[in-house]
Amino acid sequence: MAYRLFEGKEHASAYKKYRVSPTKEVLNLILTYLEKRKEKPFLLAVDVGCGSGQGTIGLAPHFQKVVGIDVSEAQLEEARREPGFTNVSYRAGPAELLPYEDGSVDLVTSMSATHWFDTEKFLNEAVRILKPRGCLALLNYTQSMEIHYGACSEQLTEICKQMFDGFLPYRSLKLGAGSIHLYKDLFEAIPFPDKEWRDNIRVAFPMSVSSFIGFAESFSGFQTFLSKDPEGARALSRGTQQSLLETMGVTSPETVVDVLVTYYCLLACKPERDDLRC
């Protein structure tokens, strides 16, 4: 069963505004893997569980056509508002039933979304639609983050951890203590001999304290907390922001910090023969 937790309009708006986009460094990891295994031109990339399109548009310069697919119309509405990418389009649909012919796609990606899918069905679909020598790239980041600012980074990181711990009881049971185990299981299940597991990819995102709070609030666990206990959820956000500012010795929530995010990535290349299924 796929999980559908990001479909409210307010949540989609917050997701678009605050969620981090995969950096060029992270996207280049995927593109370099593809370029070593498949000749150009790259015609079609499909980004599954695209949300509000932050990762989808990063693929635009490298493919003739990029399509983002998501079950949430609210998320897709946010994605379509991004101007300037004539080769990018979006369509509604489930990850477990992809609307493409066998062997027709150069790259299938999913960025911070695969853990919500019926992974067996999704993987079968990804294997089916990939061209021979086409690649699969599944990307996510951990909820263990660091906040760097002056000499108080260790204290700020602990405050960040306390906020995430505050909505941990509302985290989806599908994720367990962390989603990384789902990706490692997927990695083992992929029937391709050419596959790589990359982890500990650390990327720093400059953002204001208020934006960090918005980022944390966009997580599904916080949104569930907010729906069940609005007063408690808002108190957690306010308290976290105040603690961060007091520790930093500043008063403006627009003060910029570096939020260090750790990614991991599953990469796999479909072999020449086109009769594999998971």
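Biologist: Which residue stands opposite Leu-138 in S8?

Modeller: Leu-266 is the residue of S8 that stands opposite Leu-138. Before going further, note that this is a predicted model, in which local features need pLDDT of at least 70 and side-chain atom pairs count only at pLDDT 80 or more, while totals for chains, interfaces and linings use all residues. Residues are numbered from 1 along each chain as its sequence is written, and side-chain values use heavy atoms, with hydrogens and water left out.

Biologist: What makes S5 and S8 a pair of strands?

Modeller: Strands are DSSP runs of E with at least two residues, just as helices are runs of H or I with at least four, both numbered from the N terminus. Two strands pair if DSSP finds at least two bridges between them, and S5 and S8 are joined by seven, in the antiparallel sense, so they pair. Strand S6 (residues 146–148) also runs antiparallel to S8, with three bridges, and there Glu-146 has Leu-260 as its bridge partner.

Biologist: How many residues of S8 are buried?

Modeller: In strand S8 (residues 256–269), 12 of the 14 residues are buried, and the strand is therefore described as mostly covered. Buried means under 20% relative accessible area, exposed means over 50%, and partly exposed lies in between, with a 1.4 Å probe and protein chains only.

Biologist: Why is Ser-112 called buried, and why is Arg-133 called partly exposed?

Modeller: Ser-112 has 13% relative accessibility, which is under 20%, so it counts as buried. Arg-133 has a relative accessible area of 24%, which falls between 20% and 50%, and therefore Arg-133 is partly exposed. Ser-112 is found in the loop between strand S4 (105–111) and helix H4 (119–129), whereas Arg-133 belongs to strand S5 (residues 130–141).

Biologist: Why is Ser-237 called buried, and which residues is Ser-237 in contact with?

Modeller: The relative accessible area of Ser-237, a residue of helix H9 (residues 230–248), is 6%, under the 20% limit, so Ser-237 is buried. Contact means heavy atoms within 4.5 Å, and, leaving aside neighbours within four places in sequence, Ser-237 is in contact with Met-163, Ile-213, Glu-217 and Phe-222.

Biologist: Which residues of H7 meet H9?

Modeller: Val-209, Ser-210, Phe-212, Ile-213 and Glu-217 in H7 meet residues of H9, including Ser-237, Thr-240 and Leu-244. The residues of this contact of H7 with H9 divide into six nonpolar, four polar and one charged, where Ala, Val, Leu, Ile, Met, Phe, Trp, Tyr, Cys and Pro count as nonpolar, Asp, Glu, Lys and Arg as charged, and the others, Gly among them, as polar.
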